[in-house]
Amino acid sequence: MPAPIRLQSRDLDMLYSLGVGRYLTVQALEWLHVPTWRARWQAHRDSDQGKRGYYPLPNLYRRLEGLRGGGYVAVIRRTVDRATVTFSRQADLYALTEAGAELLAANRPQLDVDELVWEGQRPRALQTLEHTALIASLYAALRAELEHYFAGQADRLILSDWADDRRLAQAGPAGERRYDQVRAEGDDLPVLPDATFVLSLGERQRRYFLEVDRGTRPLDSWREKVRAYRAYKGSSE
């Protein structure tokens with residue numbers, strides 16, 4: 001087990017991102033929490049090393065290992081990624097633990113810790129894990145691009161209220177349902193996307209729904225989703 005580290009503000013920021021995004025790679029965390037990453041990546045792309053893989057800052061790995069040593073994050077080792085002529089292991093995923101959520105609650109009292117997702121030690125189906133990892137990478141990419149594009153601007157598009165399918169499927173603090181349900185052709189159908197979020201510009205807000213297809217969902221299930229979305233559009237829900 002790695003040794004714990006002296007906590008910094010950025011460490012708490014990373015814990016929060018893990019609590020929202022759920023499963024994030026080191027690269028995704030670099031997008032969100034290392035302002036110099038874009039210049040480093042562009043320099044790498046334009047250099048003689050550009051055809052080789054890009055690696056995040058080594059210090060970021062050390063910080064995450066320190067957080068793991070304190071029990072604040074869990075690491076998920078992924079399977080081997082098979083290519084045509086080479087074999088390589090996919091990037092590890094990091095997730096917030098219950099201890100990490102408690103640490104955030106103690107140091108960031110303004111945060112609603114009930115809105116965070118943390119992991120216990122439990123088996124994970126491979127397809128479910130990879131699906132969730134892709135949803136999380138989209139969260140990190142969207143948030144990083146918005147923060148970069150609108151940096152320094154007074155009027156900026158803000159991403160908020162992100163919730164993935166697992167979070168939506170969980171009961172709320174009072175046992176309430178987190179997702180909507182609609183009546184469609186005599187059936188009660190859940191409106192349960194892979195993720196949902198709000199984009200705000202000033203007082204204007206719009207909610208979006210994300211569906212990630214890896215070719216594993218049966219067509220009948222897609223038909224049910226489409227029926228639910230069609231009934232949901234313009235409904236009181």
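A crossing of two helices is called left-handed if the near helix is turned anticlockwise from the far one by less than a right angle, and right-handed if clockwise. The model here is a predicted one, where local features need pLDDT of at least 70 and side-chain atom pairs count only at pLDDT 80 or more, while totals for chains, interfaces and linings use all residues. Residues are numbered from 1 along each chain as its sequence is written, and side-chain values use heavy atoms, with hydrogens and water left out.

**View 1. Helix α2 meets helix α6.** The crossing of α2 and α6 is left-handed. Helices here are DSSP runs (H or I, at least four residues), as strands are (E, at least two), numbered from the N terminus. α2 covers residues 26-33 and α6 covers residues 126-149; their axes sit 9 Å apart at an angle of about 20°. Axes are lines fitted to C-alpha atoms, for helices over the stretch in contact, and angles run from 0 to 180 degrees between N-to-C directions. The pair is therefore roughly parallel (under 35 degrees; over 145 is roughly antiparallel, 65 to 115 roughly perpendicular, the rest oblique). On the α2 side, look for A28, W31, L32 and H33; on the α6 side, for S137, A140, A141, R143, A144 and E147. Contact means heavy atoms within 4.5 Å.

View 2. Six of the eight residues of α2 are buried, so the helix is largely enclosed by the rest of the structure. Buried means under 20% relative accessible area, exposed over 50%, and partly exposed in between (1.4 Å probe, protein chains only). The buried ones are V26, A28, L29, E30, L32 and H33. They pack against α1, α3 (37-46), α4, β4 (93-96) and α6.

**View 3. Helix α1 against helix α4.** Here α1 (residues 9-21) and α4 (residues 58-69) pack at about 75°, with axes 11 Å apart. That makes them roughly perpendicular to each other. From α1 come R10, D11, M14 and L15, which meet N59, L60, R63, L64 and L67 of α4.

**View 4. A close look at T196.** T196 belongs to strand β8 (residues 195-201) and is buried, at 6% relative accessible area. Its side chain makes a polar contact with the side chain of R207 (2.9 Å). A polar contact is a pair of N or O atoms within 3.5 Å; within protein, one must be able to donate a hydrogen and the other to accept it, and residues adjacent in sequence count only if both atoms are side-chain atoms. A polar atom of the T196 side chain also lies 2.9 Å from the backbone oxygen of Y208.
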